[in-house]
Amino acid sequence: MLSGLNHLTLSVTDLNRSISFYNELLQLRLEASWDNGAYLSLPGLWLCLSLEPLSTAVAGYTHYAFTVAADDFVSAVARLRASGAAEWRDNRSEGASFYFLDPDGHKLEVHVGDLASRLQACRHKPYAGMKFYP
């Protein structure tokens with residue numbers, strides 16, 4: 001059903017500070033940024049930074065997403081729902097996604113698509129203040 005880690009989303013309280021940390025210090029490639037977030041990458045890693053208010057950042061939108069093939073998405077979601085896995089968010093972005101909790105409350109997602117498909121969708125419909133980097 002799953003074929004690997006799709007992306008990691010981290011809630012951050014200071015977007016510019018976090019972009020500097022991951023891009024300049026850790027040397028992840030900055031792919032795109034916008035008013036409330038950024039996409040960075042390493043070979044095999046898509047990192048999303050999501051700006052959250054200080055009061056919710058630690059528990060906010062931080063989650064781990066796993067890749068699922070488009071043909072397997074519906075059955076994967078049905079299996080998760082049948083198991084009683086609680087949903088914690090509705091999908092609001094490109095690519096089919098199902099957001100659910102593990103038994104200990106960790107936030108997880110199964111997602112169809114990758115960083116390339118997300119950037120392609122954002123080029124057609126960019127987020128507020130979005131910039132793309134070479």
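**Close-up 1. R123 and the ring of F132.** The charged end of R123 sits over the ring of F132, 4.4 Å from its centre. Here a charge sits over a ring if NZ of Lys or CZ of Arg is within 6 Å of the ring centre and within 35 degrees of the ring normal. This is a predicted model: local features need pLDDT of at least 70, side-chain atom pairs count only at pLDDT 80 or more, and totals for chains, interfaces and linings use all residues. Residues are numbered from 1 along each chain as its sequence is written, and side-chain values use heavy atoms, with hydrogens and water left out.

Close-up 2. The structure holds 6 aromatic pairs. Rings of Phe, Tyr and Trp (its six-membered ring) pair if their centres lie within 6.5 Å; planes under 30 degrees apart count as stacked, over 60 as edge-to-face and the rest as tilted. W88 and Y99 are edge-to-face, 5.2 Å centre to centre, with 80° between the planes. W88 belongs to strand β6 (residues 87-89) and Y99 to strand β7 (residues 97-101), 11 residues apart. Strands (E, at least two residues) and helices (H or I, at least four) are DSSP runs, numbered from the N terminus. The charged end of R89 also sits over the Y99 ring, 5.9 Å from its centre. Y99 is buried, at 2% relative accessibility. Buried means under 20% relative accessible area, exposed over 50%, partly exposed in between (1.4 Å probe, protein chains only).

**Close-up 3. An aromatic cluster.** W34, Y39, W46 and Y127 are linked into a cluster by ring pairs.

**Close-up 4. The largest nonpolar core.** This core has 12 residues, among them L10, Y22, L40 and L47. A nonpolar core is a set of buried Ala, Val, Leu, Ile, Met, Phe, Trp, Tyr and Cys residues joined through side-chain atoms within 4.5 Å. β1 (2-12), α1 (15-25), β3 (37-42) and β4 (45-51) each give two or more residues to this core. A second, separate core of 11 residues includes A76, F98, L108 and V112.

Close-up 5. L47 lies in strand β4 and is buried, at 2% relative accessibility. Beyond its neighbours within four places in sequence, L47 is in contact (heavy atoms within 4.5 Å) with L8, L10, Y22, L28, A38, Y39 and L40. S50 is also found in β4. S50 is buried, with a relative accessible area of 11%. Leaving aside neighbours within four places, S50 is in contact with T9, L10, S11, V12, N36 and Y61.
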